[in-house]
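I opened the notebook to record a few look-ups. The entries follow the order in which I made them.

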Amino acid sequence: MIIESALLQRNADFRQTVEAGGYFIKTVRRGQTLRILDLEGNQAADTLFYNAGDITEHYSAADTIREQGNVYLSAGSTLLSNLSRPMLEITADTCGRHDTLGGACATESNTVRYALDKRCMHACRDSWMLAIAEHPEYGIQKRDIAHNINFFMNVPVTSDGGLTFEDGISAPGKYVEMQALMDIIALVSNCPQLNNPCNGYNPTPIELLVWS
Amino acid sequence: MSTDILYDYTLPPASHWSLRVKRGLSIRFTDIGGGANLGLLFFNPENLLERYNAPDTLKCQHTFKLTRGNCLYSDMGHIFCSITEDDLGWHETVCGNINASQVAAKWGNLGYQQSHNDWTQNGHDSFLVEMTKYGLGPRDMPANLNIFSKVVADEQGNLGLDENHSPAGASVTLRFEMDTLVIMHTCPHPLSQAAEYPRAPVRCEFFKSVPVSNDDYCMNFRPENQRGFANNRLYHLGSEAPAGGV
């Protein structure tokens with residue numbers, strides 16, 4: 001569902017550009033709005049959320065899609081935790097559909113998906129490993145790396161049980177916006193994948209904005 | 001050719017169990033009375049941080065459903081087990097578990113005090129009980145498999161459970177490709193709309209696998225699975241190297 005935001009970029013309290021292959025980690029307070037902006041289009045933002053007060057509670061793809069009865073995320077979706085509690089609500093979305101089935105790329109899964117000799121290409125889960133290693137203050141460990149959201153990624157499920165990775169439906173300037181329903185930590189990998197169309201084979205920057 | 005059953009146990013309805021399964025063993029799960037749901041999770045007993053990964057399993061094989069030929073992957077690019085036989089053609093791995101409040105809302109809450117082991121146990125608590133035995137907690141629970149359960153998505157992505165998917169006697173066999181900690185429960189599927197709390201036992205028969213050959217159906221089901229088996233081969237080179245040195 002396409003819903004545009006009334007928030008103006010110039011009024012944002014926080015703005016940060018994240019280059020492709022980089023990561024973002026930040027606490028977002030309850031009531032604040034987080035926007036992820038696809039600056040150049042066709043970029044995947046692999047995103048995890050944690051309860052800032054208890055990082056053992058994290059975004060749960062299974063709880064979220066089960067409770068909304070739908071595999072895609074868009075405006076109106078409530079993002080639930082592994083305790084089935086609401087963490088954020090998507091309040092605006094100019095893209096229309098986001099994936100939470102496909103998970104994040106990893107060097108290990110790249111060997112399976114593409115070729116054994118593609119092991120040492122940069123991957124989202126490596127970005128997360130670096131993020132939690134460089135930011136021990138959040139207390140997030142490898143065990144907490146759960147199944148993520150792929151904002152801007154298009155992974156259609158077919159009625160006969162197929163799953164395909166298609167060229168993104170995002171475009172320059174498209175964004176998704178969500179309001180935090182509890183204090184949360186957002187951990188984002190700006191996807192460096194070069195082997196499939198999730199980034200249009202050309203990973204590009206994203207911007208993260210926060211309004212109070 | 002008969003298969004020697006090494007162990008035969010029927011997991012009662014609304015129950016949970018866990019055990020370490022060695023590489024080279026297979027388990028045939030049978031839905032004795034029809035309408036079963038078997039929740040499954042896998043961990044590497046040598047490294048509990050390595051666990052079943054539903055997204056990797058689905059995307060590596062370009063599938064939403066799981067059936068014969070599919071391999072079930074860890075987050076580290078290894079294959080825990082392969083689906084070598086399947087009467088049903090579809091098992092799901094995206095809906096997670098039912099929890100206590102959902103059970104109470106659907107069917108009322110029969111606690112242990114009044115109902116003893118006929119209580120309305122739920123999949124979330126069942127997994128937690130078993131996982132805690134190995135030092136694992138709620139933060140460690142990935143998306144699980146729901147064997148015997150078919151969930152479809154329409155063009156808009158709306159999910160629906162096929163309530164009549166698994167007939168009495170339907171079976172599915174998993175062949176373990178590495179040592180695996182198996183966590184399981186027989187609690188109802190979270191999307192079940194059954195009038196009564198569903199109670200369905202699952203028979204678990206253990207037998208020695210036929211060795212994997214180069215023309216193995218699962219290994220050749222997709223080119224990705226050939227590479228998954230190659231990753232397992234490397235993993236086993238590491239674990240089988242002679243002790244000592246340095």
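How many bridges join strand β7 of chain A to strand β9 of chain A? I found five, between residues 86-93 and residues 174-180, and the two strands run antiparallel. Strands here are DSSP runs of E with at least two residues, helices are runs of H or I with at least four, and both are numbered from the N terminus. Two strands pair if DSSP finds at least two bridges between them. I noted A:D93 opposite A:V176 in β9(A).

Background for these entries: the model is predicted, local features need pLDDT of at least 70, side-chain atom pairs count only at pLDDT 80 or more, and totals for chains, interfaces and linings use all residues. Residues are numbered from 1 along each chain as its sequence is written, while chains are lettered from A and ligands numbered from 1 in the order in which they are written.

Next I looked up the sheet. In chain A, six strands form an open sheet with antiparallel pairing, in the order β1-β11-β3-β9-β7-β6. β1 (14-18) and β6 (78-80) of chain A are at the edges with a single partner strand each, so one side of each has no neighbour in the sheet.

Then I checked A:A61, which lies in helix α1 (residues 61-68) of chain A. A:A61 counts as buried because it has 27 C-beta neighbours inside 10 Å; the cut-offs are 20 or more for buried, 12 or fewer for exposed, and partly exposed in between, with C-beta atoms placed from the backbone. Leaving out residues up to four places away in sequence, A:A61 touches A:T100, A:H147 and B:A143, where contact puts the C-beta atoms, placed from the backbone, within 7 Å.

Terms used
Two residues are in contact if their C-beta atoms, placed from the backbone, lie within 7 Å.
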